[in-house]
Structure formats: C-alpha cells, structure tokens
Amino acid sequence: MAVVSSAFAGAKLESLFLSNATARPPSSSHFQIRRTLIHRGNVRCDSSSTNASSLSALEQLKTSSADRYTKEKSSIIVIGLSIHTTPVEIREKLAIPEAEWPRAIKELCALNHIEEAAVLCTCNRMEIYVVALSQHRGVKEVTEWMSKTGGIPVSQISDHRFLLYNKDATRHIFQVSAGLDSLVLGEGQILAQVKQVAKVSQGVAGFGRNISGLFKHAIMVGKRVRTETKIAEGAVSVSSAAVELALMKLPQSAHSTARVLLIGAGKMGKLVIKHLVSKGCTKIVVVNRSIEKVDALREEFKDIEIIYRPVDDMMTCAGEADVIFTSTSSETPLFLKENVANLPPVGADVGGKRLFIDISVPRNVGSCVNDVEKTTAYNVDDLKEVVAANREDRLRKAMEAEAIIDEELKLFEAWRDSLETVPTIRKLRAYAERIRTSDLEKCLQKMGDNVNNNTKKAVEVLSRGIVNKLLHGPLQHLRYDGTDDRTLDETLENMHALNRMFSLETEISVLEEKIRAKVEQQK
C-alpha cells in the first residue's frame, strides 16, 4: 500500500473533523471520534475542550498514530498459553468460562490497539486471537489485560506465553482445529471447541470480519483434514486418555472389578463413560447436581449400570470408590488433603491406592492430595504418559494434514490480502455515486415539473445501469481470491492506479474507517 506522510495524514484528519465542527453543530458521535483520535495521541480531552487543545492533540496525531496506522497493516496475533508451555496452575487462573467470552471480547476490543478478538479456552489451552493495529502495543495491552483478569504478574505470563503473528498465527489455529497441536494427535474434541468459539462469539461486535473469517476457515480445515487423512481414527481424546491412564495404574485383574466414581455429568464426563464402556466397565456411580443429565446418560448407555448420587453424598461416594474421575466446572477444588485423609483405604486387589484422575481446568483435585498415603492424584498434564505410544501412524497422517494446511493457508492469506482493496472499492463506488446523483438531479431539474414518476424512475435506473457497467471492469480487477491467474501484486497495482487517477486517498480512508470502527466498538 502506498504510504502517505504523517503531515498529510494529520492535515487531512484535522480538516475532516474541524470542517465538520464548523459545518454543523457537533454531535455526540463527533466528539466520540475526536476523543478516540486524541486517545491515539496519548492525550485525553472531553467534549468541552477548546479548539487550541484539539489542535494540539491533532498535532500529536500527525507525528504518531496516523503515520503508523497508515503504514502498518493490522496484524493477526495469537497470545497463548498451552499444555506444552504452561503448567496447569497458571492456566486455571487465566481460564475464561464460555459464558464470559463475549464480555472478554468487548473488553479486549476496548484496548487502544485491538480491533477484533476471540477467546479459545479449553482444558489444554488458553489462547487469545486479536487483530491489532500495532504488534508490540497490541501484545503489551493484551498481556496486561490477562494479568489483571487472572491476577498473575505480567512477568510470569511472559515467561510461559507463546506469540505468533499473521501467517504463523493462522497456521497455528488451523493446526489446532485439525488436532495437530493437541496432547493426543488428531483428537476430535478440539474441533467442536473451535466451532463453539465461533457460535458463542457470533454477533459480538469485536468478533469482526478477519477473526470470524479466520475461525470459519479453521473449522473448514479441521473438517477437511479429518475427512481426507482419517487422523481422528483411533485417536484418543483427553477423556479417553484419562481412562487409559486409570487402566495403566490398575492391576490387569481389576480392570472390570474396580469401583468407579464420576463427579460431573457434562460433556467430558459423558466421554469418560463412553470410553469406560468401551473398556468393559459395567457399573459406575455418578455424582451430579441434578438427576436429569444422569437420566440422559442412562438412556444413551443402556449396557452399563449408572447409579445417581447427589452432590451432598460426594465424600461418602469417594470413600466407596477405587478410581475417581472429576470433571466439573467448579472454580474451587472439590478434594483437598483434609477431605481425603480420612477416607477408608482401598483393597489390595486394586493395587492398594485410590486414584483421582482430574480432567478439569481449574482443577477439582488439589495437588496436596498426593501427600495422603496410598492416594495418587493425576491432572490433565499427567496424561502425556498415556499418549507416548501409538504415534507413528498418526504422525504420517499429520504430515498429510500439514500439506492440506499449506494449501488452505494460501487461500486464507489471499482472502485476507484482498481485503486491502475494500476501501478503494468503497471509495470508487462512492465517487461514482456522487457524480451520478448530482448529474441526475441537474437532469431532472432541466426536464421540469411536468415529468411523471415513471419517467423519473426510468432515468434513474438508466443512470444506475451506466455507472454499474462502467464500474464492473475496474471492480473486477480489484477483487482477488487466489483462484485465477492474476497475482496479488497486480491487484494492488490496480488499486494504486485507481487511487491516483481518482484521488481516492485510500490510506487516509483506511485510518478513518479504523477510528470509526473503534468508536463503534466502544459505544
């Protein structure tokens, strides 16, 4: 994109807003836009500020924000903490419940340099995707927001986070959706979680064109990879890995006789039951807040005896169980050392140790439980032990998946690059429409008052048709999706040529649109 000077950018914006101020009484939206501009220059003023202070703020804008924003294309960034880089103790503090995702998006987009945002939060990862006006400032603002939200020092988050930009960030979400970044290669649950992000975020102001397009494309990639490579066949989810871990720790003879307790009957709990059934389990006790979900599980798993117990009986049930799976949304631990210390011992036939397998984030079982004799607690980070084997076939399929991701990455990048021409398309249409309406009005005036409505309508339709036919060719050469022989460079050169020929000032248009979009997000 051609670069305009900061002085020109500032002068253009100054004339835009000051001319508006003299042409009509200042509206509330006018002051909101002006406040946003001045905020970009790190100066604050309110609607009662004098013209002198406004000019001072705009002078700062000339030498800072305007030049940077017209030079720098907005970046897609992912700021992430995953099971690969961050211990569960930190992830659980930063976890954002699904119901809070829209609020988080709005708060993130209220940050100075963030235009769009999305939150992907699972038991294995906490990732924030943003479109940022400035990479450095965007990362800084999001990290500070995470620190404030989770009560964790910025330095600690910085020690564990990973940062990916633009193409690398896009590749990452494609790999995540395809199950290539999961603890268990090819697991299917993450695709459903990516879909849920798109579903919950749809309609939220900050889930904008770039981020929603990114997640929609990631969902498509995840489906394509699973269809064409069969990478999910035989792959285990976190829930099945939990069951595998339990069987690894129990004596072979106890696989069908161990007393099993499940706390929580949600999606993860349901998957635990599914995998227990596949391993020959015939009886399980389920503790849940209500019986409705347990009844639904009984309907689905008719070959297994499912016994319902209320939450008040949880400790009693724990004392009667050999293996306890926990999968609830509780934000505080259900089991601590003092809760477990007085539970009756388990028999030697199951190895003499009571097993707690916690697949919740935040954790349901405190690590202090391991201090109790003949008690062992495992959390999601311990599941790595389960998936060490049986990877060769999935690694081959992962290589096939990466080839698919390479193809889709090019298509997404082409789509995103094509968005750069959108301001020119809008400006050119607006330019043509101003000429059409102006000349149409002159024509109708010359025709006099005796012209009937049908004639007026016919003349207007004719004018629209002429404009649309004239614009068709130029606009076709401004659209680029990577599917034809024309290169992106050719498309951008066409854009620059039209900017020069019609004085469209697209770069300033981009800045104005970003500022106005920011104001809308903050309303």
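Colleague: Why are S5, helix H13 (residues 267-278) and S6 called a right-handed β-α-β unit?
Modeller: With the strands pointing away from the viewer, the path from S5 over H13 to S6 runs clockwise, and this is the criterion for a right-handed crossover. Helices (H or I, at least four residues) and strands (E, at least two) are DSSP runs numbered from the N terminus. The model is predicted, local features requiring pLDDT of at least 70 and side-chain atom pairs 80 or more, while totals for chains, interfaces and linings use all residues. Residues are numbered from 1 along each chain as its sequence is written, and side-chain values use heavy atoms, without hydrogens and water.

Colleague: How do you know that S5 pairs with S6 and S8?
Modeller: Pairing requires at least two DSSP bridges. S5 has three to S6 (residues 283-287) and four to S8 (residues 323-326), so both qualify. Both pairings are parallel. Leu-261 has Val-285 in S6 as its bridge partner, and Val-260 stands opposite Val-323 in S8.

Colleague: What makes both faces of S5 (residues 260-263) covered?
Modeller: Val-260 and Leu-262 on one side, and Leu-261 and Ile-263 on the other, are all buried, that is, under 20% relative accessible area with a 1.4 Å probe, protein chains only.

Colleague: How many cavities of 30 Å³ or more are there, and which helix gives the largest share of the lining of the largest cavity?
Modeller: There are two, and helix H10 (residues 189-201) contributes three residues to that lining. The largest cavity holds about 70 Å³, and its lining includes Arg-125, Glu-187 and Met-268.

Methods: Buried < 20%, exposed > 50% of the residue type's maximum accessible area, 1.4 Å probe, protein only. 1 Å grid on protein atoms, 1.4 Å probe; cavity = no way out; pocket = protein on both sides within 12 Å on 5 of 7 lines; lining within 4 Å. Points joined across faces, edges and corners; volume = space filled by probe spheres on them.
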